[in-house]
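User: Hello! I am new to this structure and would like to learn how to read its features. Could you take me through some of them?

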Amino acid sequence: MAFHHALKIQEDVCIGCTHCIKACPTEALRVKDGKARLIEERCVDCGECMRACPVNAIIIEEDDFGRIFQYDYRVALVPSVFIGQFPRNIVTRKIYSGILEEGFTHVYEAEHGSGILIDLINRHLSARPEIRPVISSFCPAIVRLIQVRFPALVNNILPYKAPLDLAEISIRRKLLDEGVPGDKIGVFYVTPCAAKIAAVKSPVGEESSPINGVINMNTLFNRVYTVITREEKGFCIVPEKEQLLPEEMEWTLTGGEARYIHGRCLSVDGIGNAIEFLEKIENDTVGSFDYLEMRACDKSCAGGILSATNRFLVSERLHKRAEQYYIDKNQGKIFNNKTITRYRDYVAGNASIGKVEPRSIMKLDEDMVQAMKKMQKIEKIRNYLPGIDCAACGSPSCRALAEDVVQQRAHTSDCVFVAMKVKGGETMNQVVDYTEKIWGKKRFKNMLPE
Amino acid sequence: MKDMKFEYPLEGGDFIKAGYASSSLKKILNQLNLDPDLVRRIAVATYEAEVNVVAHAFRGIMKVLVSPERILIRVEDEGPGIPDIGKAMQEGYSTASDRVREMGFGAGMGLSNIKKNTDKLEIHSELNKGTVLEMTTLIKG
(Lines give C-alpha, C1' and ligand atoms only; values in the text may rest on other atoms or scores of the structure.)
Protein backbone atom coordinates (compact mmCIF):
# COMPACT_ATOMS: atom_id res chain seq x y z
CA MET A 1 0.00 0.00 0.00
CA ALA A 2 1.41 3.37 -1.01
CA PHE A 3 1.08 6.48 1.11
CA HIS A 4 1.32 9.92 -0.27
CA HIS A 5 3.32 12.16 1.99
CA ALA A 6 3.60 15.84 1.24
CA LEU A 7 6.60 16.17 3.53
CA LYS A 8 9.82 15.80 1.58
CA ILE A 9 13.36 15.73 2.89
CA GLN A 10 15.69 17.71 0.66
CA GLU A 11 18.82 15.58 0.70
CA ASP A 12 21.12 18.39 -0.37
CA VAL A 13 19.95 20.58 2.51
CA CYS A 14 19.64 17.94 5.27
CA ILE A 15 22.66 18.09 7.56
CA GLY A 16 21.87 14.78 9.25
CA CYS A 17 21.24 15.84 12.84
CA THR A 18 18.88 14.37 15.44
CA HIS A 19 16.22 17.10 15.73
CA CYS A 20 13.56 15.59 13.47
CA ILE A 21 13.99 11.98 14.57
CA LYS A 22 13.51 13.08 18.17
CA ALA A 23 10.49 15.28 17.37
CA CYS A 24 8.49 12.70 15.43
CA PRO A 25 5.53 11.45 17.51
CA THR A 26 5.38 8.12 15.63
CA GLU A 27 9.15 7.49 15.40
CA ALA A 28 8.94 7.56 11.61
CA LEU A 29 12.41 8.99 10.98
CA ARG A 30 15.91 7.54 11.09
CA VAL A 31 19.30 8.83 9.99
CA LYS A 32 21.26 6.75 7.46
CA ASP A 33 24.22 7.84 5.34
CA GLY A 34 24.11 11.25 6.96
CA LYS A 35 20.53 12.01 5.89
CA ALA A 36 17.12 11.76 7.53
CA ARG A 37 14.99 8.94 6.07
CA LEU A 38 11.25 8.49 6.37
CA ILE A 39 9.58 5.17 7.21
CA GLU A 40 6.51 5.90 5.09
CA GLU A 41 3.88 3.74 6.77
CA ARG A 42 4.60 5.36 10.14
CA CYS A 43 4.28 9.00 9.04
CA VAL A 44 0.99 10.78 9.87
CA ASP A 45 1.93 14.06 8.12
CA CYS A 46 1.72 16.13 11.29
CA GLY A 47 4.70 18.30 10.31
CA GLU A 48 6.48 18.19 13.68
CA CYS A 49 9.72 17.25 11.89
CA MET A 50 9.42 20.35 9.73
CA ARG A 51 9.03 22.55 12.80
CA ALA A 52 12.05 20.90 14.43
CA CYS A 53 14.44 21.04 11.46
CA PRO A 54 17.12 23.69 12.11
CA VAL A 55 18.04 24.12 8.42
CA ASN A 56 14.60 23.97 6.72
CA ALA A 57 15.54 20.76 4.92
CA ILE A 58 11.97 19.44 5.15
CA ILE A 59 9.52 21.01 2.76
CA ILE A 60 5.94 20.48 1.73
CA GLU A 61 5.64 19.52 -1.90
CA GLU A 62 2.82 21.37 -3.65
CA ASP A 63 1.30 21.33 -7.11
CA ASP A 64 2.78 23.75 -9.61
CA PHE A 65 0.77 26.98 -9.45
CA GLY A 66 0.63 27.09 -13.25
CA ARG A 67 -1.53 23.97 -13.21
CA ILE A 68 -4.58 26.07 -12.36
CA PHE A 69 -4.52 27.45 -15.90
CA GLN A 70 -5.33 24.01 -17.33
CA TYR A 71 -8.90 24.82 -16.34
CA ASP A 72 -11.25 27.55 -17.56
CA TYR A 73 -13.05 27.71 -14.20
CA ARG A 74 -10.43 27.97 -11.48
CA VAL A 75 -11.79 27.76 -7.94
CA ALA A 76 -9.55 28.68 -5.00
CA LEU A 77 -10.90 26.69 -2.06
CA VAL A 78 -9.32 28.70 0.75
CA PRO A 79 -9.41 27.96 4.46
CA SER A 80 -10.63 30.79 6.67
CA VAL A 81 -7.21 30.90 8.35
CA PHE A 82 -5.95 32.28 5.04
CA ILE A 83 -7.85 35.51 5.77
CA GLY A 84 -6.21 35.47 9.20
CA GLN A 85 -2.75 35.63 7.59
CA PHE A 86 -3.21 39.28 6.68
CA PRO A 87 -2.91 42.38 8.85
CA ARG A 88 -6.27 43.62 10.06
CA ASN A 89 -6.20 46.75 7.90
CA ILE A 90 -6.50 44.61 4.77
CA VAL A 91 -10.20 43.88 4.38
CA THR A 92 -11.51 40.47 3.32
CA ARG A 93 -12.77 41.83 -0.01
CA LYS A 94 -9.28 42.99 -0.86
CA ILE A 95 -7.86 39.54 -0.09
CA TYR A 96 -10.49 37.96 -2.33
CA SER A 97 -9.54 40.40 -5.07
CA GLY A 98 -5.89 39.50 -4.68
CA ILE A 99 -6.69 35.80 -5.13
CA LEU A 100 -8.62 36.56 -8.34
CA GLU A 101 -5.81 38.83 -9.52
CA GLU A 102 -3.46 35.85 -9.23
CA GLY A 103 -5.51 33.91 -11.76
CA PHE A 104 -8.39 32.21 -10.00
CA THR A 105 -11.91 32.82 -11.32
CA HIS A 106 -13.73 31.90 -8.10
CA VAL A 107 -12.92 32.17 -4.39
CA TYR A 108 -14.78 29.85 -2.06
CA GLU A 109 -13.99 29.44 1.60
CA ALA A 110 -13.64 25.83 2.69
CA GLU A 111 -15.57 26.39 5.92
CA HIS A 112 -18.80 26.92 4.01
CA GLY A 113 -18.95 23.16 4.52
CA SER A 114 -18.85 23.30 8.31
CA GLY A 115 -22.33 24.67 9.09
CA ILE A 116 -23.94 21.61 7.56
CA LEU A 117 -21.61 19.37 9.59
CA ILE A 118 -22.95 20.68 12.89
CA ASP A 119 -26.30 19.10 12.05
CA LEU A 120 -24.76 15.90 10.72
CA ILE A 121 -22.62 15.44 13.83
CA ASN A 122 -25.46 16.11 16.25
CA ARG A 123 -27.69 13.68 14.37
CA HIS A 124 -24.95 11.04 14.37
CA LEU A 125 -24.54 11.45 18.13
CA SER A 126 -28.22 10.78 18.78
CA ALA A 127 -28.43 7.95 16.25
CA ARG A 128 -25.40 6.07 17.60
CA PRO A 129 -25.42 6.40 21.40
CA GLU A 130 -23.31 3.23 21.70
CA ILE A 131 -20.28 4.89 20.12
CA ARG A 132 -18.61 7.21 22.61
CA PRO A 133 -16.68 9.37 22.36
CA VAL A 134 -17.10 10.25 18.72
CA ILE A 135 -13.79 11.72 17.57
CA SER A 136 -13.76 14.46 14.95
CA SER A 137 -12.58 13.54 11.46
CA PHE A 138 -11.56 17.14 10.80
CA CYS A 139 -7.78 16.92 11.25
CA PRO A 140 -6.22 14.36 8.88
CA ALA A 141 -3.09 14.05 11.04
CA ILE A 142 -5.27 12.98 13.99
CA VAL A 143 -7.19 10.47 11.83
CA ARG A 144 -3.87 8.95 10.71
CA LEU A 145 -2.49 9.02 14.25
CA ILE A 146 -5.49 7.00 15.45
CA GLN A 147 -5.04 4.50 12.60
CA VAL A 148 -1.41 3.81 13.44
CA ARG A 149 -1.25 4.27 17.23
CA PHE A 150 -4.79 3.82 18.55
CA PRO A 151 -6.27 1.11 16.33
CA ALA A 152 -8.96 0.31 18.94
CA LEU A 153 -10.42 3.78 18.36
CA VAL A 154 -10.88 3.79 14.56
CA ASN A 155 -14.60 3.12 14.91
CA ASN A 156 -14.94 6.23 17.07
CA ILE A 157 -13.92 8.47 14.19
CA LEU A 158 -16.79 10.57 12.83
CA PRO A 159 -17.84 8.91 9.55
CA TYR A 160 -18.17 12.21 7.66
CA LYS A 161 -15.91 14.19 5.38
CA ALA A 162 -14.19 17.39 6.44
CA PRO A 163 -15.73 20.82 5.67
CA LEU A 164 -13.38 21.40 2.75
CA ASP A 165 -14.69 18.29 0.99
CA LEU A 166 -18.30 19.34 1.56
CA ALA A 167 -17.53 22.83 0.26
CA GLU A 168 -15.94 21.28 -2.82
CA ILE A 169 -19.04 19.17 -3.47
CA SER A 170 -21.34 22.21 -3.33
CA ILE A 171 -19.24 24.60 -5.43
CA ARG A 172 -18.66 21.98 -8.12
CA ARG A 173 -22.36 21.09 -8.19
CA LYS A 174 -23.23 24.76 -8.53
CA LEU A 175 -20.91 25.26 -11.49
CA LEU A 176 -22.18 22.08 -13.16
CA ASP A 177 -25.75 23.29 -12.70
CA GLU A 178 -24.79 26.56 -14.34
CA GLY A 179 -23.87 24.51 -17.38
CA VAL A 180 -20.08 24.45 -17.01
CA PRO A 181 -18.60 21.21 -18.41
CA GLY A 182 -17.05 19.08 -15.66
CA ASP A 183 -13.61 18.90 -17.26
CA LYS A 184 -13.35 22.69 -17.35
CA ILE A 185 -13.63 22.99 -13.56
CA GLY A 186 -10.47 22.94 -11.47
CA VAL A 187 -10.89 23.15 -7.69
CA PHE A 188 -7.62 23.90 -5.89
CA TYR A 189 -7.37 23.64 -2.15
CA VAL A 190 -5.13 26.13 -0.39
CA THR A 191 -3.65 24.18 2.48
CA PRO A 192 -2.38 25.35 5.87
CA CYS A 193 -0.58 22.04 6.53
CA ALA A 194 0.94 18.84 5.15
CA ALA A 195 -1.77 16.60 6.53
CA LYS A 196 -4.48 18.21 4.40
CA ILE A 197 -2.38 17.51 1.29
CA ALA A 198 -2.05 13.87 2.25
CA ALA A 199 -5.82 13.84 2.84
CA VAL A 200 -6.43 15.12 -0.70
CA LYS A 201 -3.80 12.92 -2.41
CA SER A 202 -4.55 9.71 -0.49
CA PRO A 203 -7.79 10.12 1.44
CA VAL A 204 -8.80 7.76 4.26
CA GLY A 205 -12.14 6.00 3.76
CA GLU A 206 -12.45 7.13 0.13
CA GLU A 207 -10.99 5.93 -3.19
CA SER A 208 -9.82 9.34 -4.31
CA SER A 209 -10.55 13.00 -3.76
CA PRO A 210 -12.26 15.08 -6.47
CA ILE A 211 -10.05 18.07 -5.60
CA ASN A 212 -7.85 18.86 -8.60
CA GLY A 213 -4.79 20.21 -6.88
CA VAL A 214 -3.25 21.70 -3.75
CA ILE A 215 -1.49 25.03 -3.30
CA ASN A 216 0.48 25.79 -0.15
CA MET A 217 -1.01 28.57 1.90
CA ASN A 218 2.28 30.41 2.34
CA THR A 219 2.81 30.39 -1.45
CA LEU A 220 -0.57 32.00 -2.10
CA PHE A 221 -0.07 34.39 0.80
CA ASN A 222 3.17 35.71 -0.73
CA ARG A 223 1.54 36.13 -4.12
CA VAL A 224 -1.60 37.82 -2.84
CA TYR A 225 0.20 40.02 -0.33
CA THR A 226 2.55 41.20 -3.06
CA VAL A 227 -0.22 42.06 -5.47
CA ILE A 228 -2.41 43.90 -2.97
CA THR A 229 0.40 45.91 -1.49
CA ARG A 230 1.49 46.93 -4.98
CA GLU A 231 -2.06 47.97 -5.92
CA GLU A 232 -1.26 47.83 -9.59
CA LYS A 233 -3.42 49.62 -12.10
CA GLY A 234 -6.55 47.71 -12.91
CA PHE A 235 -6.75 46.13 -9.51
CA CYS A 236 -10.37 46.26 -8.51
CA ILE A 237 -11.89 45.24 -5.24
CA VAL A 238 -14.61 42.66 -5.73
CA PRO A 239 -17.43 42.06 -3.28
CA GLU A 240 -17.41 38.89 -1.22
CA LYS A 241 -19.86 36.72 -3.10
CA GLU A 242 -20.86 34.70 -0.09
CA GLN A 243 -20.48 35.41 3.60
CA LEU A 244 -19.21 32.81 6.00
CA LEU A 245 -21.28 32.55 9.16
CA PRO A 246 -19.46 33.32 12.41
CA GLU A 247 -19.46 29.68 13.50
CA GLU A 248 -17.90 28.78 10.16
CA MET A 249 -15.22 31.46 10.46
CA GLU A 250 -14.12 30.02 13.80
CA TRP A 251 -14.59 26.33 12.97
CA THR A 252 -10.90 25.65 12.36
CA LEU A 253 -9.80 27.36 15.58
CA THR A 254 -9.56 25.46 18.85
CA GLY A 255 -13.06 25.02 20.28
CA GLY A 256 -14.67 25.73 16.91
CA GLU A 257 -16.40 22.37 16.69
CA ALA A 258 -16.95 21.56 20.36
CA ARG A 259 -18.93 24.77 20.91
CA TYR A 260 -21.75 23.66 18.63
CA ILE A 261 -21.97 19.96 19.39
CA HIS A 262 -24.48 18.63 21.92
CA GLY A 263 -23.43 16.81 25.08
CA ARG A 264 -20.08 16.72 26.82
CA CYS A 265 -17.43 17.87 24.35
CA LEU A 266 -13.77 18.64 24.68
CA SER A 267 -11.26 20.40 22.43
CA VAL A 268 -7.70 19.13 22.41
CA ASP A 269 -5.00 20.79 20.32
CA GLY A 270 -1.33 19.88 19.83
CA ILE A 271 -0.28 16.39 18.79
CA GLY A 272 1.42 15.61 22.12
CA ASN A 273 -1.76 16.57 23.98
CA ALA A 274 -3.83 14.50 21.57
CA ILE A 275 -1.66 11.41 22.18
CA GLU A 276 -1.90 11.87 25.94
CA PHE A 277 -5.66 12.20 25.79
CA LEU A 278 -6.22 9.33 23.34
CA GLU A 279 -4.23 7.08 25.71
CA LYS A 280 -6.71 7.93 28.44
CA ILE A 281 -9.69 7.41 26.16
CA GLU A 282 -8.33 4.03 25.08
CA ASN A 283 -7.91 2.95 28.70
CA ASP A 284 -11.34 4.32 29.55
CA THR A 285 -9.93 6.36 32.41
CA VAL A 286 -11.37 9.84 31.84
CA GLY A 287 -15.09 9.25 32.10
CA SER A 288 -17.49 9.55 29.22
CA PHE A 289 -17.39 12.17 26.52
CA ASP A 290 -19.78 12.61 23.63
CA TYR A 291 -17.52 14.38 21.19
CA LEU A 292 -13.83 15.08 20.96
CA GLU A 293 -12.48 17.81 18.74
CA MET A 294 -8.80 17.08 18.17
CA ARG A 295 -6.27 18.95 16.09
CA ALA A 296 -2.60 18.13 15.66
CA CYS A 297 -1.42 21.73 15.68
CA ASP A 298 -1.19 24.02 18.68
CA LYS A 299 -4.03 26.58 18.20
CA SER A 300 -5.44 24.26 15.52
CA CYS A 301 -5.21 25.46 11.90
CA ALA A 302 -4.06 28.92 12.99
CA GLY A 303 -0.86 27.11 13.96
CA GLY A 304 -0.63 25.16 10.71
CA ILE A 305 2.88 24.56 9.48
CA LEU A 306 2.23 26.67 6.36
CA SER A 307 0.91 29.63 8.30
CA ALA A 308 2.95 32.73 7.50
CA THR A 309 1.63 34.67 10.48
CA ASN A 310 1.84 33.99 14.21
CA ARG A 311 -0.91 31.63 15.37
CA PHE A 312 -2.19 34.03 18.05
CA LEU A 313 -2.58 36.85 15.55
CA VAL A 314 -4.37 34.55 13.10
CA SER A 315 -6.85 33.50 15.82
CA GLU A 316 -7.37 37.11 16.86
CA ARG A 317 -8.19 38.21 13.33
CA LEU A 318 -10.70 35.41 12.86
CA HIS A 319 -12.43 36.15 16.16
CA LYS A 320 -12.65 39.84 15.18
CA ARG A 321 -14.04 38.85 11.80
CA ALA A 322 -16.77 36.84 13.50
CA GLU A 323 -17.62 39.81 15.75
CA GLN A 324 -17.76 42.08 12.72
CA TYR A 325 -20.33 39.77 11.15
CA TYR A 326 -22.81 40.55 13.92
CA ILE A 327 -22.15 44.30 13.58
CA ASP A 328 -22.73 44.11 9.82
CA LYS A 329 -25.83 42.02 10.33
CA ASN A 330 -27.33 44.58 12.70
CA GLN A 331 -26.68 47.25 10.10
CA GLY A 332 -28.42 45.15 7.47
CA LYS A 333 -25.26 44.64 5.44
CA ILE A 334 -25.46 40.84 5.26
CA PHE A 335 -27.32 39.34 2.33
CA ASN A 336 -26.89 35.66 2.57
CA ASN A 337 -27.40 33.48 -0.38
CA LYS A 338 -25.24 30.54 0.48
CA THR A 339 -24.62 28.01 -2.25
CA ILE A 340 -24.31 25.18 0.23
CA THR A 341 -27.73 25.96 1.71
CA ARG A 342 -29.28 25.42 -1.69
CA TYR A 343 -27.47 22.09 -2.08
CA ARG A 344 -27.93 21.00 1.51
CA ASP A 345 -29.54 17.63 0.83
CA TYR A 346 -27.19 16.84 -2.02
CA VAL A 347 -24.12 17.63 0.10
CA ALA A 348 -25.45 15.73 3.14
CA GLY A 349 -26.16 12.75 0.91
CA ASN A 350 -22.53 12.70 -0.22
CA ALA A 351 -20.93 13.47 3.12
CA SER A 352 -20.22 9.96 4.40
CA ILE A 353 -16.83 8.30 4.34
CA GLY A 354 -16.20 4.56 4.25
CA LYS A 355 -14.67 2.48 7.00
CA VAL A 356 -11.45 3.82 8.47
CA GLU A 357 -9.08 0.86 8.65
CA PRO A 358 -6.62 0.44 11.51
CA ARG A 359 -2.99 -0.01 10.45
CA SER A 360 -1.02 -0.46 13.63
CA ILE A 361 2.66 0.45 13.54
CA MET A 362 3.14 -1.00 17.01
CA LYS A 363 2.88 -4.69 16.21
CA LEU A 364 6.26 -6.39 16.02
CA ASP A 365 4.92 -9.18 13.83
CA GLU A 366 1.59 -10.33 12.37
CA ASP A 367 2.01 -13.61 14.22
CA MET A 368 1.76 -13.39 18.00
CA VAL A 369 4.32 -16.10 18.72
CA GLN A 370 6.85 -14.41 16.43
CA ALA A 371 6.01 -11.06 18.02
CA MET A 372 6.70 -12.54 21.47
CA LYS A 373 10.06 -13.86 20.28
CA LYS A 374 10.94 -10.47 18.87
CA MET A 375 9.87 -8.72 22.05
CA GLN A 376 12.12 -10.97 24.10
CA LYS A 377 15.03 -10.19 21.77
CA ILE A 378 14.29 -6.46 22.03
CA GLU A 379 14.34 -6.66 25.82
CA LYS A 380 17.66 -8.50 25.73
CA ILE A 381 19.24 -5.88 23.46
CA ARG A 382 17.78 -3.03 25.51
CA ASN A 383 19.46 -4.45 28.56
CA TYR A 384 22.90 -3.80 27.23
CA LEU A 385 22.21 -0.51 25.51
CA PRO A 386 23.13 2.49 27.70
CA GLY A 387 19.58 3.89 27.86
CA ILE A 388 20.63 7.52 27.40
CA ASP A 389 18.66 7.96 24.17
CA CYS A 390 21.38 10.06 22.53
CA ALA A 391 20.20 9.07 19.02
CA ALA A 392 23.80 8.89 17.78
CA CYS A 393 22.87 5.51 16.28
CA GLY A 394 20.37 7.24 13.95
CA SER A 395 17.32 5.84 15.80
CA PRO A 396 15.34 8.13 18.11
CA SER A 397 15.95 6.16 21.32
CA CYS A 398 17.71 3.08 22.70
CA ARG A 399 14.40 1.24 22.65
CA ALA A 400 13.83 2.20 19.03
CA LEU A 401 17.33 0.98 18.13
CA ALA A 402 16.65 -2.36 19.84
CA GLU A 403 13.47 -2.66 17.78
CA ASP A 404 15.28 -1.63 14.59
CA VAL A 405 17.91 -4.32 15.23
CA VAL A 406 15.28 -7.02 15.68
CA GLN A 407 13.40 -5.80 12.60
CA GLN A 408 16.71 -5.92 10.70
CA ARG A 409 16.85 -2.19 10.04
CA ALA A 410 20.00 -1.59 12.12
CA HIS A 411 22.91 -3.26 13.92
CA THR A 412 23.56 -3.26 17.64
CA SER A 413 27.04 -1.89 16.95
CA ASP A 414 25.42 1.25 15.48
CA CYS A 415 25.43 2.28 19.13
CA VAL A 416 28.77 4.03 19.69
CA PHE A 417 28.97 2.76 23.24
CA VAL A 418 28.36 -0.83 22.22
CA ALA A 419 30.92 -0.39 19.44
CA MET A 420 33.54 0.75 21.95
CA LYS A 421 32.74 -1.82 24.61
CA VAL A 422 32.06 -4.88 22.52
CA LYS A 423 34.62 -4.37 19.80
CA GLY A 424 37.06 -4.08 22.69
CA GLY A 425 40.26 -2.09 22.53
CA GLU A 426 39.18 0.04 19.60
CA THR A 427 40.07 3.66 19.91
CA MET A 428 37.49 6.42 19.88
CA ASN A 429 38.76 7.45 16.46
CA GLN A 430 38.04 4.02 15.07
CA VAL A 431 34.58 4.06 16.57
CA VAL A 432 33.92 7.51 15.15
CA ASP A 433 35.01 6.30 11.70
CA TYR A 434 32.70 3.37 12.17
CA THR A 435 29.68 5.66 12.65
CA GLU A 436 30.28 7.25 9.25
CA LYS A 437 27.69 4.99 7.69
CA ILE A 438 25.09 6.65 9.90
CA TRP A 439 26.34 10.23 9.91
CA GLY A 440 28.02 10.42 6.50
CA LYS A 441 31.52 10.24 5.15
CA LYS A 442 34.09 12.66 6.55
CA ARG A 443 31.49 13.95 8.97
CA PHE A 444 33.99 13.97 11.80
CA LYS A 445 37.12 15.00 9.91
CA ASN A 446 37.33 18.42 11.60
CA MET A 447 37.52 16.72 14.98
CA LEU A 448 40.88 15.15 14.29
CA PRO A 449 44.00 17.12 15.28
CA GLU A 450 46.16 18.42 12.44
CA MET B 1 8.05 -20.89 23.21
CA LYS B 2 8.65 -19.40 26.62
CA ASP B 3 5.82 -17.46 28.19
CA MET B 4 6.54 -13.86 29.05
CA LYS B 5 6.24 -12.42 32.53
CA PHE B 6 5.81 -8.81 33.52
CA GLU B 7 5.48 -7.29 36.98
CA TYR B 8 4.30 -3.88 38.05
CA PRO B 9 4.44 -2.73 41.68
CA LEU B 10 1.41 -0.72 42.87
CA GLU B 11 1.36 1.90 45.62
CA GLY B 12 -1.72 2.46 47.80
CA GLY B 13 -2.93 6.07 47.87
CA ASP B 14 -0.94 7.17 44.81
CA PHE B 15 -3.71 8.21 42.43
CA ILE B 16 -1.30 10.08 40.22
CA LYS B 17 0.46 6.90 39.19
CA ALA B 18 -2.76 4.88 38.90
CA GLY B 19 -2.95 3.78 35.28
CA TYR B 20 0.77 3.38 34.75
CA ALA B 21 0.72 -0.43 34.95
CA SER B 22 -2.33 -0.86 32.70
CA SER B 23 -0.92 1.61 30.21
CA SER B 24 2.47 -0.18 30.08
CA LEU B 25 0.77 -3.53 29.63
CA LYS B 26 -1.39 -2.13 26.84
CA LYS B 27 1.72 -1.06 24.93
CA ILE B 28 3.13 -4.59 25.19
CA LEU B 29 -0.10 -6.22 24.01
CA ASN B 30 -0.29 -3.82 21.06
CA GLN B 31 3.24 -4.84 20.07
CA LEU B 32 2.18 -8.48 20.18
CA ASN B 33 -0.53 -7.70 17.59
CA LEU B 34 -3.45 -8.73 19.77
CA ASP B 35 -6.88 -7.76 18.52
CA PRO B 36 -7.39 -4.05 19.39
CA ASP B 37 -10.70 -4.75 21.11
CA LEU B 38 -9.12 -7.45 23.27
CA VAL B 39 -6.34 -5.04 24.21
CA ARG B 40 -8.91 -2.40 25.13
CA ARG B 41 -10.82 -4.84 27.35
CA ILE B 42 -7.65 -5.91 29.16
CA ALA B 43 -6.63 -2.26 29.57
CA VAL B 44 -10.00 -1.41 31.14
CA ALA B 45 -9.92 -4.45 33.47
CA THR B 46 -6.34 -3.86 34.63
CA TYR B 47 -6.95 -0.17 35.16
CA GLU B 48 -9.91 -0.94 37.41
CA ALA B 49 -7.85 -3.49 39.35
CA GLU B 50 -5.04 -0.96 39.67
CA VAL B 51 -7.39 1.72 41.00
CA ASN B 52 -8.82 -0.78 43.50
CA VAL B 53 -5.36 -1.31 44.99
CA VAL B 54 -4.62 2.42 45.02
CA ALA B 55 -7.98 3.30 46.60
CA HIS B 56 -8.25 0.52 49.19
CA ALA B 57 -4.91 -1.20 49.87
CA PHE B 58 -1.47 -0.26 51.20
CA ARG B 59 0.49 -1.74 48.36
CA GLY B 60 0.27 -4.44 45.77
CA ILE B 61 1.73 -6.00 42.67
CA MET B 62 0.37 -6.79 39.22
CA LYS B 63 1.84 -9.94 37.69
CA VAL B 64 1.18 -10.68 34.04
CA LEU B 65 1.80 -13.94 32.25
CA VAL B 66 1.51 -13.76 28.47
CA SER B 67 1.24 -16.94 26.44
CA PRO B 68 -0.08 -17.42 22.90
CA GLU B 69 -3.30 -18.93 24.31
CA ARG B 70 -4.13 -16.62 27.19
CA ILE B 71 -3.24 -13.57 29.21
CA LEU B 72 -3.21 -14.27 32.92
CA ILE B 73 -3.17 -11.27 35.24
CA ARG B 74 -2.82 -11.59 38.98
CA VAL B 75 -3.19 -8.54 41.20
CA GLU B 76 -2.14 -9.14 44.80
CA ASP B 77 -2.47 -6.55 47.51
CA GLU B 78 -1.81 -6.05 51.18
CA GLY B 79 -4.85 -4.30 52.57
CA PRO B 80 -8.17 -4.53 54.38
CA GLY B 81 -9.55 -7.35 52.22
CA ILE B 82 -13.13 -7.55 50.96
CA PRO B 83 -15.69 -8.45 53.67
CA ASP B 84 -18.42 -9.54 51.26
CA ILE B 85 -17.27 -10.42 47.76
CA GLY B 86 -20.82 -11.02 46.54
CA LYS B 87 -21.83 -7.49 47.52
CA ALA B 88 -18.64 -6.01 46.12
CA MET B 89 -19.46 -7.53 42.75
CA GLN B 90 -22.75 -5.60 42.58
CA GLU B 91 -22.77 -2.49 40.43
CA GLY B 92 -22.83 0.65 42.51
CA TYR B 93 -21.73 -0.99 45.78
CA SER B 94 -18.62 0.67 47.15
CA THR B 95 -16.76 0.99 50.42
CA ALA B 96 -14.53 3.78 49.11
CA SER B 97 -13.91 6.74 51.42
CA ASP B 98 -15.32 10.19 50.72
CA ARG B 99 -11.84 11.39 49.81
CA VAL B 100 -11.53 8.70 47.15
CA ARG B 101 -15.01 9.48 45.81
CA GLU B 102 -14.20 13.18 45.61
CA MET B 103 -11.37 12.29 43.27
CA GLY B 104 -13.84 10.66 40.92
CA PHE B 105 -13.10 7.07 41.91
CA GLY B 106 -15.08 4.62 44.02
CA ALA B 107 -18.29 4.53 41.97
CA GLY B 108 -18.69 0.86 42.79
CA MET B 109 -18.28 -0.29 39.21
CA GLY B 110 -14.77 -1.69 39.56
CA LEU B 111 -15.21 -5.41 40.10
CA SER B 112 -18.26 -5.77 37.87
CA ASN B 113 -16.40 -3.87 35.16
CA ILE B 114 -13.45 -6.25 35.51
CA LYS B 115 -15.75 -9.24 35.27
CA LYS B 116 -17.39 -7.83 32.16
CA ASN B 117 -14.05 -7.36 30.44
CA THR B 118 -12.37 -10.68 31.22
CA ASP B 119 -13.20 -14.31 30.41
CA LYS B 120 -12.63 -15.54 33.94
CA LEU B 121 -12.31 -13.73 37.24
CA GLU B 122 -11.36 -15.29 40.57
CA ILE B 123 -11.22 -13.36 43.82
CA HIS B 124 -9.61 -14.55 47.03
CA SER B 125 -9.71 -12.22 49.97
CA GLU B 126 -8.74 -12.38 53.59
CA LEU B 127 -9.91 -9.68 56.01
CA ASN B 128 -7.16 -7.36 57.26
CA LYS B 129 -4.65 -9.17 55.10
CA GLY B 130 -5.32 -8.60 51.47
CA THR B 131 -6.96 -9.55 48.21
CA VAL B 132 -5.86 -11.54 45.18
CA LEU B 133 -7.57 -11.01 41.84
CA GLU B 134 -6.93 -13.46 39.04
CA MET B 135 -8.18 -12.49 35.61
CA THR B 136 -7.89 -14.66 32.55
CA THR B 137 -8.39 -13.51 29.00
CA LEU B 138 -8.39 -16.12 26.26
CA ILE B 139 -6.87 -15.38 22.91
CA LYS B 140 -8.98 -16.75 20.10
CA GLY B 141 -7.57 -17.39 16.72
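User: Let me start with one residue: in which loop of chain A is P133(A) found?

Analyst: Welcome! Please keep in mind that this is a predicted model. To place a residue, look for the elements on either side of it. P133(A) sits in the loop between α5 (114-127) and β7 (134-135) of chain A. The peptide bond that joins R132(A) and P133(A) is cis, with omega about -10°.

User: Why does D45(A) count as buried?

Analyst: The idea is to count C-beta neighbours inside 10 Å; the cut-off for buried is 20 or more. D45(A) has 28 such neighbours, so D45(A) counts as buried. K299(A) has 20, and therefore K299(A) counts as buried too. Over the whole of chain A, buried residues make up 43% of the 450 residues.

User: How many helices and strands does chain A have?

Analyst: Chain A has 19 helices and eleven strands. Its radius of gyration is 25 Å, close to the 22 Å that the globule rule gives for 450 residues, so chain A is as compact as a globular protein of that length. The C-alpha trace of chain A spans about 85 × 60 × 40 Å along its principal axes. Among contacts in chain A between residues at least 6 apart in sequence, 77% join residues at least 24 apart.

User: Now a sheet, please. What is the order of the strands in the open sheet of four?

Analyst: The order is β6-β5-β8-β9 in chain A, and the pairing is parallel. The edge strands, β6 (106-109) and β9 (213-216) of chain A, each pair on one side only. From one strand to the next, the twist averages 30°. Strand β8 (residues 185-191) of chain A runs parallel to β9(A), and four bridges join them. For a pair to look at, take Y189(A), which stands opposite V214(A) in β9(A).

User: Which strands does helix α8 of chain A touch?

Analyst: Helix α8 (residues 194-201) packs on the sheet and touches β8 and β9 of chain A; its direction makes about 150° with that of β8(A). Helix α9 (residues 217-230) of chain A also lies across β8 and β9 of chain A, at about 65° to β9(A).

User: Which residues touch the most other members of the largest nonpolar core?

Analyst: They are L77(A), F188(A) and V190(A), out of 155 residues in that core. The largest share of the core, eleven residues, comes from α2(B). Leaving aside neighbours within four places in sequence, V190(A) is in contact with several residues, including L77(A), F82(A), I215(A) and L220(A).

User: Finally, how many residues does each chain give to the contact between chain A and chain B?

Analyst: Chain B gives 20 residues and chain A gives 20 residues. On the side of chain B, the elements that give two or more residues are α1 (20-31) and α2 (36-56) of chain B. The largest share, seven residues, comes from α2(B). By type, that side divides into eleven nonpolar, six polar and three charged residues.

Conventions:
Residues numbered from 1 in each chain as written. Chains lettered and ligands numbered in written order. Predicted model: local features only at pLDDT ≥ 70, side-chain atom pairs only at ≥ 80, totals over all residues. Rg over C-alpha atoms; globule rule 2.2 N^0.38 Å. Buried ≥ 20, exposed ≤ 12 C-beta atoms within 10 Å, placed from the backbone. Contact = placed C-beta atoms within 7 Å. Nonpolar A, V, L, I, M, F, W, Y, C, P; charged D, E, K, R; others polar. Core = buried A, V, L, I, M, F, W, Y, C linked by C-beta atoms within 7 Å. Pairing = 2+ DSSP bridges. Axes fitted to C-alpha atoms, helices over the stretch in contact; angles between N-to-C directions.
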